[in-house]
Amino acid sequence: MSAQPINIKTAGQPRTWIKVSALEDIPKLGARVVKSAHGDIAVFRNAEDEVFALRDQCPHKGGPLSQGIVFGKTVACPLHNWQIGLADGQAVAPDVGCTGRFEAKIEDGGVYLQL
Amino acid sequence: MQKMKLVMVGNGMAGVRTLEELIKISPDLYDITVFGAEPNANYNRILLSPVLAGEMTIKDIMLNDVDWYAQNNIKLHLNKKIVRIDRAGRKVIAEDGTTEEYDRLLLATGSNPFILPVQGKELDGVLTYRDIGDTDAMIAAAAKYKHAVVIGGGLLGLEAANGLKLRGMDVTVVHIMPWLMDRQLDKTASQMLQKSLEAKGLKFLLQKQTSEIVGAPTTEGGMRVKAVRFDDGTEIPADLVCMAVGIRPNDDLARQSGIHCNRGIVVNDTMQTFDPRIYAVGECASHRGIAYGLVAPLFDMAKVCANHLGHMGIGRYQGSVTSTKLKVTGIDLFSAGDFSGGDGTEEIVMHDAVGGVYKRIVIKDEHILGAVLYGDTVDGSWYFQMLREKQNIGEIRDHLMFGPTQVNRGHLGNTGHQGQSNAASMPDTMEVCGCNGVCKGTIVKAIKEKGLFSLDDVRKHTKASSSCGSCTGLVEQILASTVGGAYTPQANLTKPMCGCTEHTHEETRKVIREQHLLTIPQVMHFMEWKTPNGCASCRPALNYYLLSTWPHEAKDDPQSRFINERAHANIQKDGTYSVVPRMFGGVTNSSELRRIADVVDKYQIPTVKVTGGQRIDLLGVKKEDLPRVWADLAMPSGHAYAKALRTVKTCVGSEWCRFGVQDSTQMGIDMEKAFWKMYAPHKVKMAVSGCPRNCAESGIKDIGVIGVDSGWEIYVAGNGGIKTEVAQFLCKVKTSEEVIEYSSAFIQLYREEARYLDRTVHWVARVGLDYVRQRVIDDAENRKALFERLQYALQGEKDPWVERTQGMEKHEFEVLSA
Ligand code: SRM
Ligand SMILES: Cc1cc2nc3c(=O)[nH]c(=O)nc-3n(C[C@H](O)[C@H](O)[C@H](O)COP(=O)(O)OP(=O)(O)OC[C@H]3O[C@@H](n4cnc5c(N)ncnc54)[C@H](O)[C@@H]3O)c2cc1C
Ligand code: SF4
Ligand code: FES
């Protein structure tokens, strides 16, 4: 069993899928910021055209993860280079910490977040 | 020879640390058996707080798993509580009857949480906070119930409260004293702390005494807590009560076996109890009348105890002075020593209520007695060191508030910024990791001798920052100042670029050139990269190698650039950006200044600062505003964010100065115009002075030019940064055209041959100045060729700001919404 970080703000509330962007508007190995009621969300696209969404706040000192360099399924925080897993929001060892994640999917070329 | 039998009771932090130390010095002396009452192997109890807060998992906090015991031939009994010691028969007996004989016995039974003797204390939902079981129970309760009451506003209580809050509970902290953490903090710091915690949503009831815990029957037939009642008759709802009102040394077992105890198992300076075969370490031990409740002293005890168990016979434990840090993410708090003030004491206080910083140092007879820091705790370990060592601070008193950098300024070669200064200026004897008692010197030595490069390696080898983790930043700084920057160890010569490849920087550059590779995927494919798309360290390097080797052919990959070079501005710690427009040679005029002023007003830019590079920095610009700010400024990009030409600093020179012999200002402007938009392995800084008085500081620049009667002297590979390096004399030339030609050749050689992130000083240190002279000075043809290649590379290069005001990379600056 892998430990899933709990998103406190949204725990327990009903969620719906919301379209936030076209896939092509997010650069490959890049990210966009989505402003939402849950705060800023970083939506990433990797080389395989998978999308991931994390709270745009590094568990270290709150750095904007959306501004980091994306590789594999990881993003390197722009402030002090912590590496955060896109799929689980967990910092890569030896650093420890995790950031909230949101469900994301692609449908008909659109990127949707479950919010 | 028959080995002796060592039995340890209590499988916690102090005990296992003792075994670790013992195995290090005498691996073959004992057959070791361990009894632990908990079901888990050895874990870092301190980090239960981040686990509760959801920032870590149990897996993350394991220190030694069962394999470790097996590897070291330690017999491990988990889940077995020892209930009796038969001292005459020299054996211990567990609850389930398991019996083990011993020659030496080590008691490390820790402590028990104190439970208030009030009615209702045994109800369901009333917990303490000590082990994984308690933590799991709180996590489970948080998922199910709403109201939590934490009794006790000390360190443990606040960490519990913070965790429960982050897990979604409504949390009230009840504290009997007038302010929180009253034993570690003075009132002011405590109130600041309370305010920050209130901002996180915690509630506080101070000066409240709990009189009863009220229960109600549950559907399952039990009785569960429902409310907490106070002695003033009021009550608040509670579905979960966490008692964090203190700990008692767990000396029951020892006491029942007739070992002398007095609020803890009494031990001497070698950690022996009154029965010489029996030792005790950790929170259960009482040393010179003190039972400690923090790991740093326990680890000291462990070392001494291991030494004696290992028959080394040296080392005494003489007690510890402790310091405290609160592990609540986002709150910086430090306290040490006695800060109650009183007769004959003086205080230095700094209080910035708005900035949320408070520092108070209590001094008596020129010695630090205590320190409380809130909001900015970087200097905590420094004060703590002076406190413990009883250092006389008379001479540095004036600077005491401003930290070690200020104090040491006079005699340090290594100034710097980004906190590098802290690490670099720390003396070797200064303690970095309070938990494990590791000094800077030990870390530096391990880094150098063992060739460590990552934080993880340093943790493994020195244990620094492996316990509570609050010194991680400092350890990283030490690592950076030891291996990074100017100090590049020899081992690095053949080191692969990063974990993604076996190839060195040089090999990669060579293959790109010889194979005419043009894209990152091509390089990765051809050179058999081990990862699908590299990492944050190799991708920017590859992007630079491609662009510098094949200008106008290779295409830039913005996603392989660090954010600053992608956004063409400098990211700040709060996620805003800074904008530094170019002022060629540091010369400006009224119309530029007016435009800057207008932009500052229009976009409400909070800070305008004159930089150390003779231009103006606008700090705190929102990313969305950048393209419009640039358009309104209508000034060229200063590339203050890029591995590129930064500034060409100039002095006023012969146009105005009574000493000037050359027009240094114009020379600087010409150089800046020749080289701006030039990317390089690292940033490049230049300066031109009009006479040898050198007001533009040409002696510490990548290229420094100094005007003399008969022409110009060119100096290269200076550096004013992390480690100040004086530039070396390259040559003397007559005309300003020659200055441009020679500097171009030098800088182009650097662009073509240095490793990414080498400053010129690092590169020249590796290849030698003779080599550079040979290629740039002695070989005129090669000099011209280099010069021309640079001209070609820069031809048609656009100003990135102008391009972006015209819509390039638009998505970079636009925010989406949901
Ligand atoms: C703004 C400025 C300080 C100021 O307010 O005066 C500054 C600010 C920063 N410096 Fe600097 N440095 C500034 C002059 C200097 C100088 C002095 C100079 O250039 O005359 C030095 C020493 C000279 C040198 O580089 O040799 C200097 C040595 C550094 C270093 C250490 C470099 C080294 O190799 O040792 C770094 C770290 C790095 O680049 O990795 C650095 C990095 C930084 C960064 C970019 C940190 C960062 O990555 O975010 C700072 C960002 C500023 C921003 O957001 O706008 N800054 N920095 C100066 C900008 C000058 C300019 O107009 O472009
Ligand atoms: C949530 C939390 C946060 C903390 N944060 C910090 C911090 O930030 N900094 C800091 O310095 N300290 C902190 N501490 C304190 C620190 O964890 C303790 O000082 C340290 O763990 C004590 O080590 P020990 O080996 O003496 O006891 P323990 O680690 O408690 O180990 C004792 C072990 O002995 C077992 N045991 C007891 N009796 C028996 C028996 N009869 N038979 C078999 N086994 C037995 C117990 O089950 C226990 O596992 C924190 C503690 C907690 C609970
Ligand atoms: S360097 Fe020379 S010319 Fe320039 S200001 Fe100083 S004295 Fe004058
Ligand atoms: S804020 Fe992300 S690494 Fe520091």
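Biologist: If a polar contact is a pair of N or O atoms within 3.5 Å, where within protein one must be able to donate a hydrogen and the other to accept it, and residues adjacent in sequence count only if both atoms are side-chain atoms, how many residue pairs are in polar contact between chain A and chain B?

Modeller: This is a predicted model, in which local features need pLDDT of at least 70, side-chain atom pairs count only at pLDDT 80 or more, and totals for chains, interfaces and linings use all residues. Residues are numbered from 1 along each chain as its sequence is written, chains are lettered from A and ligands numbered from 1 in the order in which they are written, and side-chain values use heavy atoms, with hydrogens and water left out. Salt bridges (a side-chain nitrogen of Lys or Arg within 4 Å of a carboxyl oxygen of Asp or Glu) between chain A and chain B number zero. For polar contacts, with both residues at pLDDT 80 or more, the count is 13 residue pairs.

Biologist: Which strand of chain A gives the most residues to the side that touches chain B?

Modeller: Strands here are DSSP runs (E, at least two residues), as helices are (H or I, at least four), numbered from the N terminus. Strands E1 (17–22), E2 (30–36) and E5 (69–71) of chain A each supply at least two residues to that side. The one that gives the most, with six residues, is E2(A).
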